[in-house]
Amino acid sequence: MRRLLAACLVTLAPLAALAGDVTHFTLDNGMDVVVIEDHRAPVVTHMVWYRAGSADEEPGVSGVAHFLEHLLFKGTDTMAPGEFSATVARNGGSDNAFTSYDYTAYFQRIAADRLDLVMGMEADRMVNLRLDEADIVTERDVIIEERNQRVENSPPALYREQKSALQYLNHPYGVPVIGWRHEMAALGLGDALAYYRRYYAPNNAILVVAGDADPEEVRALAERHYGVIPANPDLPDRARPQEPPHLAERRMTFRDPRVSQPYLSRSYLAPERDSGAQERAAALTLLAELLGGGQTAVLTQKLQFERQVAVQVAAWYSGMSLDSTTFDLVVVPPPGVTLAEAEAAMDDVLTGFLETGPDAAHLARIKTQLRAQAIYERDDASSLARRYGAALAQGLTVADVQAWPEILQAVSAEDIMTAARDVLDRRRSVTGWLMAPEVTQ
């Protein structure tokens, strides 16, 4: 009932008022700080985001960003290996970390009166990490086993890895975040420390504190723990190799005897969401919802229910990205329908959509759902912390994040069709088939 009432009221809620109590400031050493207040529970999420991910690695050491993420849970000058997480757990909290193409982030969720504790420990490992060869050997085995479990043992993961490499001819987004196995096996102490010393510095970091926190108290703690760490004067610019013009469609077929459900996917090279110019990304976000965002989506209705050439359809746009990203489609056909037949049907529906455009009522429903999501998101301080942290790590600003919901609402059908005709260009696409090997008689 609460959600139904909220859905009825969302058209009346001014989204500019949904930004919440967000404070943003910068320490003298260049560290960005974002405080998101939510005093309903005495809990905080403390996150440190580094503007460095796998796409910032040097050639030949793929996986080192993720490797270093693991190694940061080893010891420092003042903490023994494993003591960081043990201390968080002993104080009733939880912690973890994650690595992406554009960032590496570390977080703790803990009682608000323990913020000083976790902030001090996080600041400590920003500069005082201590590693030896034994740490390297054991943790390298861990990440290789992680690759075995998540990639080598999964035909869809192997397929996506190969397809991404085909999508990006020159940009490091074509290299998997976890790394190529042969390069992971050769990662050494020097590789990890070089990455650490280059990128782990306050002027390359964003502190996000969300929950039961006072901005001035956070400022005082941040200045005490992080403000004393000197900036890295040699921090490199994030200048990555960019993609050349894509002039020809690319295709691949990946066969694996473990495949039980064949499917096809297509990814188009697409522009990312840029600071101060988010309108095109907003149009692509709505385009993905119109085409494959649920049971009423165009591809779902046409392929799954009317033509019955699919049992599952999806579309998504990965707009949160520092550099050019992708717009993706997936179609899973039922038994008896070939991938060629499913692809031909998908292309036919896309052609029809490009001719007729979106249904006005469908577009209005999607905008209402997105407005409701912006309201519901305020109930999760950790989710908001991730949203702001990821945005700042990928070149956006606090103002961009707060403007986004209204920008989505302002997108017109004409904006969507302009974006669709620009992005859904087969010359900038990669189409892949995942299937089992052919049966030979």
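Author: A salt bridge here is a side-chain nitrogen of Lys or Arg within 4 Å of a carboxyl oxygen of Asp or Glu. Side chains of opposite charge can pair when their charged atoms come close. Two notes on the model: it is predicted, local features need pLDDT of at least 70, side-chain atom pairs count only at pLDDT 80 or more, and totals for chains, interfaces and linings use all residues. Residues are numbered from 1 along each chain as its sequence is written, and side-chain values use heavy atoms, with hydrogens and water left out.

Reader: How many salt bridges does a search of the whole structure find?

Author: The search finds 31. One of them pairs Asp379 with Arg40, with 3.1 Å between the closest N and O atoms.

Reader: Which parts does the pair of Asp379 and Arg40 tie together?

Author: Helices (H or I, at least four residues) and strands (E, at least two) are DSSP runs, numbered from the N terminus. Asp379 sits in the loop between H13 and helix H14 (381-393), and Arg40 in the loop between strand S2 (32-37) and strand S3 (43-50), so the pair ties together parts 339 residues apart in sequence.

Reader: And how do I read accessibility for Asp379 and Arg40?

Author: Buried means under 20% relative accessible area, exposed over 50%, and partly exposed in between (1.4 Å probe, protein chains only). Asp379 has 44%, so it counts as partly exposed, while Arg40, at 59%, counts as exposed.

Reader: Are Arg266 and Glu343 buried or exposed?

Author: Both are buried. Their side chains meet in a salt bridge, 3.1 Å from N to O. Arg266 belongs to strand S8 (residues 263-270) and Glu343 to helix H12 (residues 339-356), and the two are 77 residues apart. Salt bridges with shared partners join Glu249, Arg251, Arg266, Glu343, Asp347 and Arg426 into one network.

Reader: Now helix packing: at what angle do H13 and H15 pack?

Author: Axes are lines fitted to C-alpha atoms, for helices over the stretch in contact, and angles run from 0 to 180 degrees between N-to-C directions. Helix H13 (residues 360-376) and helix H15 (residues 398-410) pack at about 170 degrees, their axes 10 Å apart. That makes H13 roughly antiparallel to H15; the cut-offs are under 35 degrees for roughly parallel, over 145 for roughly antiparallel, 65 to 115 for roughly perpendicular, and oblique for the rest.

Reader: Which residues of H13 and H15 meet?

Author: Contact means heavy atoms within 4.5 Å. Lys367, Leu370 and Arg371 of H13 meet Leu408, Gln409 and Ala410 of H15.
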